[in-house]
Amino acid sequence: MVRYFRGHQPYSNLFPLYCVEINQTILSYSSCKMKKAFFLLIVIIFSFAGIGDAQCTYTISGKVTDNHDHLPLEYAEIYVHEIKTGALTDSLGNYTIGGLCNGNYTLQCRHLGCEDITLLVTVNGNTIQNFYPEHHLHELSLIDIVAERGTEKTTQSSYEMRGKELDETRGSSLGEALKNVTGVAAMQTGSGISKPVIHGLHSNRILILNNGIRQEGQQWGSEHAPEIDPFIANNLTVLKGANSVRYGSDAIAGVILVEPGKLRDSAGIGGELNLVGNSNGRGGAVSGMLEQNFKKISPLSWRLQGTLKKSGTVAAPRYYLKNTGLEEYNFSAAAGWKKKNYGAEIFYSQFNTNIGILSAAHIGNVTDLLNAIARTEPLEKGEFTYDIKRPYQHIEHELFKAKAYMFTGDAGKLSVVYARQYNLRNEYDKHQPLNDSLAGLNRPELQFEITSHSVDMLWEHSTVKRFTGTIGVSGMTQGNTYEGRYFIPNYRIYTGGVYGIERWTKNKLQLEAGVRYDYRHLQVFKYENNIIVSPVYEYQNTSGTVGAIYRFNKNITSNINIGTAWRAPAVNELYSDGIHHGTATYEIGNRELKPEKAVNSIASIQYNNHDKWIVEMSAYYNTFRNFIYLQPVLPPTVTIHGSFPTLHYTQVNARFMGIDAQVNYYIIPQLMLTGKASVLRAYNKTIDDYLIQMPPDRFQGELTYNFKSIKKLKDSYVSIAGIVVNKQFRVPANSDYAVPPPAYTLLNLEAGTTFYFKKQPLTVGIGGTNLLNTVYRDYMNRFRYYADEMGRNITLRLKVSI
């Protein structure tokens with residue numbers, strides 16, 4: 001069967017017929033293979049139940065003592081990464097963790113006011129390991145001990161990034177920081193804008209919680225990266241799969257938790273300073289944090305944090321990418337009051353950035369546009385500069401949060417959270433009409449302002465006959481206005497939801513079930529024929545989830561979760577009609593779109609023999625009814641601001657299936673080999689072909705050597721990684737303005753150590769990406785039409801804990 005793109009023969013040279021004939025038999029066979037692979041993994045999960053080392057009865061124990069005055073440290077946390085469990089020290093500083101096999105474990109010791117200590121420990125029978133963190137308090141005031149329920153393990157696949165792994169990402173955006181997580185890709189717009197993609201889904205299908213608050217801005221845009229300073233995070237957690245019951249109707253793909261550290265609860269003052277420098281773009285970042293708990297007012301704590309970041313023109317291997325500079329200045333403040341039975345917390349953050357948009361993506365006429373797509377180098381190339389010129393974007397985001405909680409006797413804990421968010425986005429076009437009165441004033445051609453107010457109330461009940469659970473209600477109101485040229489209209493949104501989740505635990509088994517109801521009211525305000533029209537859209541639906549965790553033995557744990565989710569069409573999907581500035585495209589909405597509805601299933605297995613192997617595999621199978629996506633159409637759109645590829649929102653039934661895998665193998669106790677794989681198959685069931693703009697297969701191999709501590713050098717390591725990204729062959733013929741780029745391979749390097757200057761710990765790291773300066777283009781970069789990816793980049797990092 002031969003398919004031509006909307007019958008436009010004059011553009012046939014633009015859409016090479018590299019896949020004109022599609023053999024239906026081959027497609028069916030490929031789909032069948034993926035289904036078999038999915039169910040095969042389910043079989044593997046349960047067939048592993050008989051594997052394991054029966055001698056997993058050993059313990060690791062020890063004492064945590066202040067390195068300065070040799071006093072025992074109470075409530076220090078000892079965490080074992082491989083089995084994801086830990087223990088707190090008692091009043092004498094002692095801890096014990098049981099159920100261990102012989103083998104290698106990564107232990108992390110954490111205590112407020114101390115630098116984290118991470119050690120590679122070999123267990124051979126019952127083992128003793130002591131820790132000596134540097135604590136700068138000579139007196140510890142008495143504090144109230146608050147009993148809080150620990151975080152329960154989710155039945156979905158999840159990944160937590162903290163400690164050394166998080167330090168290696170300092171200076172990167174949130175999207176870039178998460179790229180190494182299996183199943184997570186990045187949707188890029190040039191070199192400076194990146195947002196996360198989970199199992200092929202992004203934007204309004206992923207919820208990002210910033211300090212427990214759902215991030216609300218102009219996140220519908222594929223180039224509207226999260227307005228969050230990653231330096232604020234002490235932990236980054238990715239929850240893969242539908243999480244609509246707990247977090248809301250839009251969490252179809254998953255949830256990303258950006259979590260600051262808890263405020264100090266012991267008297268004293270501390271802080272942290274991070275310095276980062278990059279060779280490509282000659283950029284750098286400085287971020288500082290200072291916090292205190294008062295000895296005489298022990299319930300009161302506060303924290304201040306701020307970041308400055310600047311980068312100049314980024315270079316591809318063969319040329320500079322003109323107008324790709326970046327500026328960023330952020331700060332946050334928090335204060336808390338914590339008593340035995342109640343507490344309160346306030347938090348405020350502000351994010352500000354100026355981002356240059358690649359000049360070569362904004363083109364004056366159709367002929368130049370087609371030539372630019374066909375060329376191997378951009379039409380415009382420049383020299384290095386820190387100046388940011390048109391086209392560029394200026395973005396501001398404010399978040400205010402107020403939280404209060406109280407323990408309802410022995411029954412549970414009641415929490416109430418209020419948040420206000422304000423988002424400003426100014427877009428400055430490259431080509432201005434001659435009669436534009438804003439040109440001389442350098443005002444934006446388009447300005448968005450969005451304000452959101454939200455309230456969440458939840459009650460977590462204590463354990464009752466092996467049941468623990470949460471009941472919650474949430475509501476939000478949001479208003480958006482714009483000035484300048486039209487892209488999306490003004491609108492007002494009201495949402496409300498109520499949910500309940502229960503967990504039952506006995507021995508090796510945990511069961512989970514939940515249900516949620518959501519309501520969404522959308523009213524649009526726009527001019528049509530010089531008359532204001534205000535259509536109203538109302539959506540409502542329920543979501544549900546069931547899941548289980550089962551620990552077969554000391555080596556093997558498995559998870560399975562099945563959930564339903566839905567998402568109402570966003571305003572841009574319904575009403576957009578204009579230039580999408582950051583992506584340099586012309587987008588057209590569809591007012592007939594219906595809500596997306598999905599059924600998501602995911603199964604995972606974790607195997608750890610505590611000696612040589614750590615294996616984690618996940619398989620997922622998701623079906624969508626009324627899946628919404630952007631489809632390129634011809635011809636390009638010509639405006640007074642230039643010529644742009646045209647994209648139209650459309651809706652189909654779709655299927656997503658894939659596998660995420662990570663394997664760690666200890667060649668010797670200090671040398672670890674890591675392999676990662678992310679494989680996705682996204683299929684358009686409506687046209688019986690593949691979906692476009694989906695991440696290609698990605699594989700990564702890494703070799704890490706951890707040096708033994710010597711004198712004043714601790715936690716020293718070096719790792720080298722190779723990344724292979726396949727060409728995305730699975731796209732319909734003639735479905736885009738350019739064919740997918742070839743496969744590519746990158747070589748990266750990381751190294752670091754912690755040394756002591758007198759008694760002050762200093763952590764130094766160096767990293768290199770694209771060390772071979774490979775010329776390549778990434779299919780998930782919206783500017784792959786015009787330019788190559790960034791070339792070699794060397795990063796230096798210094799962390800000083802105060």
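Reader: How do β11 and β12 pair, and over how many bridges?
Author: This is a predicted model, and in it strand β11, residues 206-210, pairs with β12 in the antiparallel sense over 2 bridges. Within that pairing, Leu209 stands opposite Arg214 of β12.

Reader: What sheet are they in?
Author: An open one of 5 strands, in the order β8-β13-β14-β11-β12, with mixed pairing. β8 (158-161) and β12 (213-214) are the edge strands, and each of them pairs on one side only.

Reader: What actually holds strands of a sheet to each other?
Author: Strands pair through backbone hydrogen bonds, in a parallel or an antiparallel way.

Reader: Okay, let me zoom out. How many helices and strands does the protein chain have?
Author: The chain comes to 6 helices and 42 strands.

Reader: And how much of the chain is buried?
Author: Of the 802 residues, 56% are buried. The chain exposes about 33800 Å², and carbon and sulfur atoms supply 58% of that area.

Reader: How does β1 pair with β4?
Author: Strand β1 (residues 58-63) and β4 are antiparallel, paired over 5 bridges. Tyr58 is opposite Leu100 of β4 there.

Reader: Which strands form a hairpin, and what's in the turn?
Author: β2 and β3 do, with 4 residues between them. Lys84 sits in that turn and has a positive phi of about 50°. The two strands, residues 77-80 and 85-88, run antiparallel and are joined by 4 bridges. Tyr79 has Gly86 in β3 as its bridge partner.

Reader: Switching to helices. Which residues of α5 are buried?
Author: Leu369, Ala372 and Ile373 are buried in α5, which covers residues 366-374. They span an arc of only 95° around the axis, so they are on the same side of the helix.

Reader: Why do residues three or four places apart point the same way in a helix?
Author: Because an α-helix has 3.6 residues a turn.

Reader: So what's on the other side of α5?
Author: Thr367 and Ala374 are there, and they are exposed.

Reader: And what do the buried ones pack against?
Author: Two strands: the buried residues of α5 pack against β34 (613-639) and β35 (642-668).

Reader: New topic: how many salt bridges are there?
Author: The count comes to 31. One of the pairs is Arg110 with Asp116, where the closest N and O atoms are 3.6 Å apart.

Reader: Are those two residues buried or exposed?
Author: Arg110 is buried, with a relative accessible area of 18%. Asp116 counts as partly exposed because its relative accessibility is 29%.

Reader: What does Asp167 pair with?
Author: Its side chain meets that of Arg170 in a salt bridge, 4.0 Å from N to O. Arg170 counts as buried, at 10% relative accessibility.

Reader: And Asp788, what's its partner?
Author: Asp788 forms a salt bridge with Arg777, and their closest N and O atoms are 2.8 Å apart. Both residues lie in the loop between β41 (760-769) and β42 (793-801), so the pair ties together parts that are 11 residues apart in sequence. Asp788 and Arg777 are buried.

Reader: Which residues are linked in a network of salt bridges?
Author: Arg205, Arg567, Glu573 and Glu596 are linked that way.

Reader: Last thing, the surface. Which residues make the nonpolar patch?
Author: Ile346, Phe400, Val416, Tyr418, Val455, Met457, Val473, Val498 and Tyr517 make it, and the patch comes to about 680 Å². β23 (412-428) and β24 (446-464) each supply at least two of the patch residues.

Reader: Where does Val455 lie?
Author: Val455 is in strand β24. It counts as partly exposed, because its relative accessibility is 42%.

Terms used
Residues are numbered from 1 along each chain as its sequence is written. This is a predicted model: local features need pLDDT of at least 70, side-chain atom pairs count only at pLDDT 80 or more; totals for chains, interfaces and linings use all residues. Side-chain values use heavy atoms; hydrogens and water are left out. Patches are made of residues with over 30% relative accessible area and no salt bridge: like charges are joined within 9 Å, nonpolar side chains (Val, Leu, Ile, Met, Phe, Trp, Tyr) within 5 Å. Accessible areas come from the Shrake-Rupley method with a 1.4 Å probe; for residues, only the protein chains shown count as cover. Buried means under 20% relative accessible area, exposed over 50%, partly exposed in between (1.4 Å probe, protein chains only). Two strands pair if DSSP finds at least two bridges between them. The arc is that of the directions from the helix axis to the C-beta atoms. Contact means heavy atoms within 4.5 Å.
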